Structures are given as structure tokens and as C-alpha cells.
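Hello,

Here is the structure for you to look at. My notes follow below it.

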Amino acid sequence: MRGERKIFSNVGFSLQSGTYLQVTGANGSGKTSLLRILCGLLAPAEGAVKWDGADIHSLGEDYFSSLTFIGHRHGIKDELTAAENLRISAGLSGIEVDKTTAREALARIGLTGRDSVPARLLSEGQRRRVSLARLLITNSRLWLLDEILTSLDKVAITLVRSLIEEHLSGGGIAIAATHQELELSAGNVQRLELAT
Amino acid sequence: MLRWIVWRDLMLAWRRRADALSTLFFFVIVVSLFPLGIGPEAELLRSVAPGVVWVAALLASMLSLGRLFANDYQDGTLEQIMMTPQPLYLIVLGKVAAQWLTSELPLVCIAPLLGVQFGLSNKTVGVLLITLLLGTPVLSLIGSIGAALTLGLRSSSVLISILVLPLYIPILIFGAGAVEAEIIGMTAASHIYLLGAVFVLALIFAPWATAAALKISVE
């Protein structure tokens, strides 16, 4: 429910380890709302979200330690450098990351030499990459990705694909709301189409 | 965990020094306007000083409160922070602490200098300093509730003032009252104790209320 409007109903699924769920649907069909419900940021009007059999609202903060959410807003601070952004968001998730590790993660995501540039000087795609670098350092089992492919170039999309494949083969779960097909070669791929 | 959030906000404030400085200058200018407007009558100035300094501190804190969560909300970092595995209560406490350190503490530090403008004695300035030290954290704590409630609304800064300023009244009464009592030769202790009690209450309940308001605003 958003305001008075019912966006979707009768959406149900359960995912095993190593599953990739692609949520598709027209604009306004509720992809982002679904992801926010899965994050626990939005309470569903009816129904429940369960993680390892327990309701996420009763799990509270424990649930957040097993998930990484990348929203369509980047979630990085313009005033901080790429490396600082990464270290702080990792630190807040309870993972101590030193400068070298942050630099390595940024290099892996294709931002070599950009780690000490303030984020406001980075391009849109580069800022997106900074937020994706969080996936590399947080070791969460569940990835929730909202429209992450926008403003990424081909190289970066290939990189995202390999990151997700790696995550799935390590027993992780990824749920992505996107219009673009990722064509994963590994893992168990499922689709969910939200009707308007 | 708490140190990460405080460190982050302090660093952000440092990178945007102009914001914190503008709050400080606002406070200095508002307080300085009164001696100019009222005239150089020492007795009159001394009697209005406590009220003027305290009201200016309340208004100055309005300026910085709008930024407390709004910037993080806009760039999506607030959601990220709320999804970290730690109680929202602590996160709010960390952010409020950083806000106090960057926006309120400078006011407290410069207040003795402004007291001189009003011809306050050293002892009175001391009482003013104590009340500000006890009272300004309460302003930050109570103000954070208003900032969280008005998050994402248009003209939120006006709304914050309407919501929060009435809640500041007890602090204004006890804060200015303590300094006034000192000026007329009575003991300021009772006012200061009450201010301390309000501080403890706000420390316990305000972050909890702010956390609840944030959860609603982020939906």
C-alpha cells in the first residue's frame, strides 16, 4: 500500500540459497516498494517477510546484518571520498575496513586511483560503482538491488554479473529489480513479474 | 559503532564548515543587535541579557536542526544507516551528539564574550555558561524529534520551528531564570538542578521518539 492505493497483492515466493530473483514490471508496478518491504523499511499492509523462518520485524537488527541493500539513490556522501564512504558504511555495519582493503575493493569495481577523490567529482556511473563496492566488503547473504544497472557501462554490467554469479555460487541470494536481463550463467534464476 | 556515526558526522561538518559557522554568526549577530537597539543603559542591558542570549540560542539551533537528517535523507544514506545492525536509538544519539558538538558547542564557547557586551559580571557569565552547557544538549535532543517528524516535507524548516519552539519553553525558563536569579543575588542552583533533570529526561526519551519518527518518515 502506498497512500490509499494498493500497489500489488498476492505476491508470494520463497528463495533458497544460490537463487537470483529478477523482479520485473512496468514503471509504478511496485518493484521498489517490494524491495523496501523486503528490506524492512516499509511495512506491508498484509502478509509478512520471513528470513530463516523468522519474521524480519522480530529479528530486528539481526536481519540487517545479513543483508545489503543498494537503492536507486546511491547512498554515498558527496563530501566524502570514495574510500571514506566505503569505510564508513562498512564501519556502521560492524565491519572494520582499513584503507588498503577499501582501495582494493574500489580497484576491483573499476575505480583505480579514484579512491581519494570527493564523490561529488565522480560521474554518475562512478558513484554507482562506489555504492556497488559495498557488496564486496560486507559479506551479506542477501543482496537487494534496486535498478543498479542504470548509468553503468558495459564493462561495469559484466562486472556486476560476475559479482552476482560469485555471490550465488557462495550460497548467497540476490533479488534485483531491473528492466535489463542479466543472463547469469550460474545459480538458480527465477523471475517475478509484477502486474500493474 | 557509535564512534563511526559521530566520526562521520563530524567529518561531514568539517567538509561543510560554512554551515556550522553560519549558525555561530547568526547567534553572535542576533545577540549583538540588542545592545545596539536598546541603547547603552547598563542596568537595562544586564536585566535583558539572560533572555536575549537564551532566545538567540534557541533560534540558532533551529538553523542547524533542519540539516540533521535532511541531507542524509536526500542522498539515501539515511536508509543505509537505518539498515545497519545496531539500534536506531544509538544512531540517533550519535547524530545528535555530533550536531551538538558542531553547532551548539561553538555557541556555548562564544557566549561569555557576548556576556561582556551586556556588562555581566564574571560570576553571572559562569552561571550562563553552566546553563548553556546543560541546556543546549536538550535543544539538540528535542529538536531531533521535530527534524525527524518533518523529514521530506516541504517547508519543513518552518514546521520544525512551530513544532519544536513550544517544547523549548521549559529550557528557556530554567536557563534564563538561573542567570536572572544570579543577577538579582539569589541562588541559581534550583534552576540548574531542574535543567539537569530535563537534560536526563531528554537524553532517555528523545532519541527513542526520534527513532520512531524516523521509521515513519522513511517509509
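**What turned up**

In chain A, take the contacts between residues at least 6 apart in sequence: 68% of them join residues at least 24 apart. Two residues are in contact if their C-beta atoms, placed from the backbone, lie within 7 Å.

This is a predicted model, where local features need pLDDT of at least 70 and side-chain atom pairs count only at pLDDT 80 or more, while totals for chains, interfaces and linings use all residues. Residues are numbered from 1 along each chain as its sequence is written, and chains are lettered from A and ligands numbered from 1 in the order in which they are written.

Chain A has seven helices and seven strands. These are DSSP runs numbered from the N terminus: helices are H or I, at least four residues, and strands are E, at least two. The order along the sequence is β-α-β-β-α-α-β-α-α-α-β-α-β-β. The C-alpha trace of chain A spans about 50 × 35 × 35 Å along its principal axes.

Now the interface. Here, 22 residues of chain A are in contact with 21 residues of chain B. On the chain A side, helix H3 (61-64) and helix H4 (82-92) are the elements that give two or more residues. H4(A) gives the largest share, four residues. By class, this side has nine nonpolar, eight polar and five charged residues. Ala, Val, Leu, Ile, Met, Phe, Trp, Tyr, Cys and Pro count as nonpolar, Asp, Glu, Lys and Arg as charged, and the others, Gly among them, as polar.

Best wishes
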